[in-house]
There are 2 protein chains.
Amino acid sequence: MASNDIPDIVISRLPVYLRALERLAQEDHEVTSSHELGKRLGISSAQIRKDLSHFGGFGKQGTGYKIAYLREQLRQVLKVEREWQVALIGAGDLGSAVARYRGFAERGFHITHVFDSSTEKIGRSLGTYRIQPIDQAPRILVEEEIRIAMIAVPAEYAQGVAEMLIAAGVRAILNYAPINLNVPPEVHVQYIDPVLHLQRMTYYLT
Amino acid sequence: MASNDIPDIVISRLPVYLRALERLAQEDHEVTSSHELGKRLGISSAQIRKDLSHFGGFGKQGTGYKIAYLREQLRQVLKVEREWQVALIGAGDLGSAVARYRGFAERGFHITHVFDSSTEKIGRSLGTYRIQPIDQAPRILVEEEIRIAMIAVPAEYAQGVAEMLIAAGVRAILNYAPINLNVPPEVHVQYIDPVLHLQRMTYYLT
DNA sequence: TAGATTGTTAATCGATTAACAATC
DNA sequence: TAGATTGTTAATCGATTAACAATC
């Protein structure tokens, strides 16, 4: 599979390009260039051209890139031209906030299942969905062929939850728990820990 | 200043090490090694030793690192041994969720100021603080010497808000708006856009 | 002492940038 | 045509890894 050759770091920049293109489209631009994109994103134009060239020639010499076309191509490369179902594990403070965030559904990621272990919370509604007992997650996730999940449980439970998800066929995990997960190589994990980002900046403050 | 020599990418890993050390301490470990840390984090032991060596020799041959000591050293390097005041701009859905998240204060980042432009929201309480009018932010941020801010406003206002913050002396911005910010080199920006992380993973799904 | 692990140097690996022919 | 910009190659730059002497 040729796509295996493409470095992770290139893939990680494509959503940033896509976001910029959608913004440009909103501002009624029709065409852009690697130079213009680079200036907006603080990235060199060479890097943008090189990244895109992994997937084909999307531009035209002399004129640049048609925004609508490049956007559609990137959507297909990233497999975000379709809608995805997402499971959310944990309906505490953090999980509730995640469930209420509208940005996911607006951009094609629908939280269709919410699980929690607390018997108090089960049956209550969160957003448009009812909270289900975590011990039913393995069965439901397999039945519904869910591939993407978000973890919003306390750190000490996160590894166990991840293992359950993986056994149930989940292959992409967005982890809000402030802890590193150990997973097999075919499973992808991304982390959200805003405190970590703050700590990356205080180093530079006087 | 020698610390200018240390690559950003090294700095960005230190909070991850710190988080792992705090976890180990919680589990009553007293000593660890680059090998053990690396296994937990999925990083090579050589990289951990190399990263730490930029700041001094924190370990002992044969025995490894004393967790309490290394943790304290990393806290000082990162300047997170102190408490920081943080301003939050935007008290909509996203801003409210951010303000309610307890993880910030627990780890030394206190949201002490919340600003919004909507006259409806001003004066209402969010968490422990009262929402203040955004047009007073420049004065207040300067007076209180706030250096860190979080942006949680719609994308189209984020750049303008960032410029206001920078003019008021803010030097570190955590941006929740899904847009790239252009800032001068002395200002640090980190981004939180969970959808972007999801899009980084769908590429690999079949 | 023997075993373990650090801190550091040198080698390797991979990513970014510069440059330019091709061409719209 | 002249100007602009791509896609790509080669050169540069920087980060990771391997290896090992030092030493606890």
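Q: What counts as a polar contact here?
A: A polar contact is a pair of N or O atoms within 3.5 Å; within protein, one must be able to donate a hydrogen and the other to accept it, and residues adjacent in sequence count only if both atoms are side-chain atoms.

Q: Okay, and what kind of model am I looking at?
A: It is a predicted model, in which local features need pLDDT of at least 70 and side-chain atom pairs count only at pLDDT 80 or more, while totals for chains, interfaces and linings use all residues. Residues are numbered from 1 along each chain as written, chains are lettered from A and ligands numbered from 1 in written order, and side-chain values use heavy atoms, with hydrogens and water left out.

Q: Does A:Gln61 use a backbone or a side-chain atom for DNA strand C?
A: A:Gln61 uses its backbone, where an N or O atom lies 3.2 Å from a sugar or linking oxygen of DNA strand C.

Q: Stepping back a bit, which residues come nearest to DNA strand C?
A: There are 25 residues around DNA strand C, and those that come nearest are A:Arg13, B:Ser34, B:Arg49, B:Gly59 and B:Tyr65; a residue is taken as near if one of its heavy atoms lies within 4 Å of the strand. If you look from the DNA side, sugar and phosphate make up 60% of the atoms of DNA strand C that come within 4 Å of the protein.

Q: Which helices supply that surface near DNA strand C?
A: At least two residues each come from H1 and H3 of chain A and from H3 of chain B, where helices (H or I, at least four residues) are DSSP runs numbered from the N terminus. The largest share of the surface near DNA strand C is that of H3(A), which gives 4 residues.

Q: How do the residues of that surface divide into nonpolar, polar and charged?
A: The surface near DNA strand C has 5 nonpolar, 13 polar and 7 charged residues, with Ala, Val, Leu, Ile, Met, Phe, Trp, Tyr, Cys and Pro counted as nonpolar, Asp, Glu, Lys and Arg as charged, and the others, Gly among them, as polar.

Q: Switching to DNA strand D, which residues are closest there?
A: Among the 25 residues that surround DNA strand D, the closest are A:Ser34, A:Arg49, A:Gly59, A:Tyr65 and B:Arg13. Of the atoms of DNA strand D that come within 4 Å of the protein, 60% belong to sugar and phosphate.

Q: Which helix gives the most to the surface near DNA strand D?
A: That is H3(B), with 4 residues. Helix H3 (45-53) of chain A, H1 of chain B and helix H3 (45-53) of chain B each supply at least two residues of this surface.

Q: And how many charged residues does the surface near DNA strand D have?
A: It has 7 charged residues, along with 5 nonpolar and 13 polar ones.

Q: New topic: what follows H1(A)?
A: H1(A) is followed by A:Asp28, a residue whose phi is positive, near 65°.

Q: Last one: which domains does chain A have, and how many Å separate their centres?
A: The domain assignment of chain A gives domain 1 (3-77) and domain 2 (84-196), with bounds that come from an automatic or database assignment. Taken over C-alpha atoms, the centres of domain 1 and domain 2 of chain A are separated by 31 Å.
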